[in-house]
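User: Hi! I am new to protein structures and would like to work through one with you. Could we look at it together?

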Amino acid sequence: MIEKIEVPALARVEGEGGLYIKLKDGQAEEIRVDIYEPPRFFEGFLQGRFLQEVPDITARICGICPVAYQMSSVQALESALGITISEQTRLLRRLLYCGEYIESHALHIYLLQAPDLLGKESALELAAVAPDVVRNALRLKKIGNDLLKAIGGRSVHPVNACVGGFYRWPDVEPIKALLPDLEWGLEAAQETVRWSVTLPYPDLELDYEFVALHRPDEYAVYDGDVWSSKRKPVPVDEFDKVYLEEHVRHSNALHSRTIDGNPYLVGPLARLNLNHEQLSPLAQKALSEAGIKLPLCNPYKSLIARAIELVDAYETAIQLVKNYQPSGKAYAPLTLKAGVGAGASEAPRGLLFHRYAVDAQGLVLRARIVPPTAQNLPRMEEDLKSLVPQIIQLPHAEATLTAEHLVRSYDPCISCATHFLKLRIEEIE
Amino acid sequence: MEAKITVIGIGQSLRGDDAAGLMAVRLWQKNFPETASRPEVRVETLELPGLGLLDYLDGMQAAVLVDAIRSPDPAGSLRRFTLRQALAFTSDARSAHGWGVAETLQLGLALNPSLCQCRLILLGLSGRHFQTGAALSPEVEAALPYAAERIEHEVLRSLRKLARKND
């Protein structure tokens, strides 16, 4: 029986933090995902800043999902000002988001989670035995970064998006030049789905409340209404009436629960289970040909959901690139006025909600940001509680790895929520 | 003519002596414009390139990387490492968050064994402080002209070796 497990650093997650598991009589008496890194105070930094600065400031919250922060913030601020963006702006934002999904999902699938499933400690070890897999993964990821660079000027923290649209239309030629790589990526992404279903996932089926944005006409990434597998849909503006943040003593990141106190899951599993009918044609084909039965309720299998979304992102990107032919102004003019607005988009890790109040000069009075990893923290703790009976009889190292792997399968971005570090399991007599 | 040699300054411009690699390469460009502007030489200054560093080495016959290092040497000291020597500094970091140049080069070799054909030299400038928002320490700043001379020396040496090899 395990008495104590300590891991000095939880590897292959974005950020740092700790995990504490206390066992009594073979059951989990207490499980905490400890977030003890100091808060980052972004909501505080934003107060008094001009609203047009918000997309680029919030983008700095994360180097993996800066586009998500830009897209949720511009929508919230456009809502506050009553701005309607053009359809070509919306499509270019969707294309920018494809770049982020591609780079983030390729990284997580192959370099962060696959080593767990293949019994390797790191991507370096994986590269030694399967160099082609890692080589393709890096190419898949790079294409996403190239797309971000073509639209936003930089492959990390792109800077072109603004409230009202874009500062300027990206040149057509560099975007169209990405088509051969995108076509290659679409093939590789489909192969990724076929490969993903052959991996040996731990057994863990759980009863989740899935929450994700939804649109009837496309796989919701950029915008949509807030759907749940267990309650009525709500518009984005009412998100924070149903999904509430709370402070817990062991975490500097807020936790989120539903209005009736339950944890819920955001991210690729939630999106796929709620929105699979809206996937692009080849993503639907890949889903069907791989024999994937929905709903997927095994957190480890979020890798499969990411693989399906990788196909969707590549196929969607190809269509958007082919049709990209901007005309007219790249942004809608700003007419400043006092107001409050909410916006949400689907970061690769899940729903990202922003709300801002601005004054008549366009200065931010209040800001609220609800990142996906913070929403998932209570759910992670519940998952670990369910996992404990399966792992306490395992060899020490295997139990540790299985618990770590569970947290990694969430692709937690602790630096968005705050930061993450140590795994400790103790048994009390 | 396609570039055969790349000179890459690596670092963070807003973190004290971590900017040493960037500053040294820029000073070399200024002090030795004739070499730096040769068509077979490509110059880059990269802030946190991560795994993207491998893309900049792709297809190169020689490379001079310049980066800040933490070492017991006095600040401003300069050390020269070959590719094999640089790999010895690989940490046991299992997360890419803990990766630096050595881990990236190791991954590059695993994925592309022909990287070992590249005549890669790493020049490491010992730093004293790496705090966010700090300027270069006086010791590192004073060492930049010498670092620029060493870059010039390494580039010319690589050019000569490649010329002999390609003859």
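This is a predicted model: local features need pLDDT of at least 70, side-chain atom pairs count only at pLDDT 80 or more; totals for chains, interfaces and linings use all residues.

User: Which residue forms a salt bridge with A:Arg93?
Analyst: A:Arg93 lies in helix H4 of chain A and its partner in helix H3 of chain A, so the pair ties together parts 15 residues apart in sequence. The closest N and O atoms are 2.7 Å apart. The partner is A:Glu78.

User: Is A:Arg93 buried or exposed?
Analyst: Buried means under 20% relative accessible area. A:Arg93 has a relative accessibility of 0%, so this residue counts as buried.

User: How many of the 11 residues of helix H5 of chain B are buried?
Analyst: Among the buried residues of H5(B) are B:Val101, B:Glu103 and B:Leu111. The helix is largely enclosed by the rest of the structure, because the number of buried residues is 9 of the 11.

User: What separates the C-alpha atoms of A:Ala338 and A:Val358?
Analyst: A:Ala338 sits in the loop between helix H12 and strand S10 of chain A. Leaving aside neighbours within four places in sequence, A:Ala338 is in contact with residues including A:Val358. The two are 20 residues apart along the chain, and their C-alpha atoms are separated by 5.4 Å.

Note on methods
Residues are numbered from 1 along each chain as its sequence is written. Chains are lettered from A and ligands numbered from 1 in the order in which they are written. Side-chain values use heavy atoms; hydrogens and water are left out. Buried means under 20% relative accessible area, exposed over 50%, partly exposed in between (1.4 Å probe, protein chains only). Helices (H or I, at least four residues) and strands (E, at least two) are DSSP runs, numbered from the N terminus. Contact means heavy atoms within 4.5 Å. A salt bridge is a side-chain nitrogen of Lys or Arg within 4 Å of a carboxyl oxygen of Asp or Glu.
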